[in-house]
Amino acid sequence: MADSFLSFSGTGGGAAGTVYTVPTASLVTDPPIPPTTTLVKSIRLSNATGGAVATIVSVTDYSASTDINLINNSVADSEEIELLTQPIVLEQQDTIKITGVGVKILISLMEIS
């Protein structure tokens, strides 16, 4: 097994944009992509747009075809928010998405493969 510590960042828009997707296993590609589980340690939001922004951060559980909102609220100007109090586990093809024009997101995680 290999552990990789990674971070992903992005900026919200008017529609949900995917910031991170757990890799899908494929042993026939070159190089092969092993099965991966992800532990998400931190999801931070910051707003420097000059006004409050309606923001949604969601996790899509691919295997259950379910979206889970981590936040569905207004983020005030100059506000920084940590969304997680405990790590969350994601499986292959699960995604993290953000909606909220101008809101920045930083995700810190560990991929285990």
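Where is P31 found? P31 sits in the loop between β2 (17–21) and β3 (37–46). Strands here are DSSP runs of E, at least two residues, numbered from the N terminus.

Before going on, the ground rules. This is a predicted model: local features need pLDDT of at least 70, side-chain atom pairs count only at pLDDT 80 or more, and totals for chains, interfaces and linings use all residues. Residues are numbered from 1 along each chain as its sequence is written, and side-chain values use heavy atoms, with hydrogens and water left out.

Back to P31. The peptide bond between D30 and P31 is cis, with omega about 5 degrees. Most peptide bonds are trans.

Next, two serines. S65 lies in the loop between β4 (53–61) and β5 (66–75). Phi of S65 is positive, about 50 degrees, and S65 is not a glycine. S78 is in the loop between β5 and β6 (80–82). Phi of S78 is positive too, near 70 degrees. Most residues other than glycine have a negative phi.

Are these serines buried or exposed? S65 counts as exposed because its relative accessibility is 67%. S78 is exposed as well, at 61%. The cut-offs: buried is under 20% relative accessible area, exposed is over 50%, partly exposed is in between, with a 1.4 Å probe and protein chains only.

Now the whole chain. It has nine strands and zero helices. The C-alpha trace spans about 50 × 25 × 25 Å along its principal axes. Of the 113 residues, 33% count as buried.

Definitions and conventions. Helix = DSSP H or I, 4+ residues; strand = E, 2+ residues; numbered from the N terminus.
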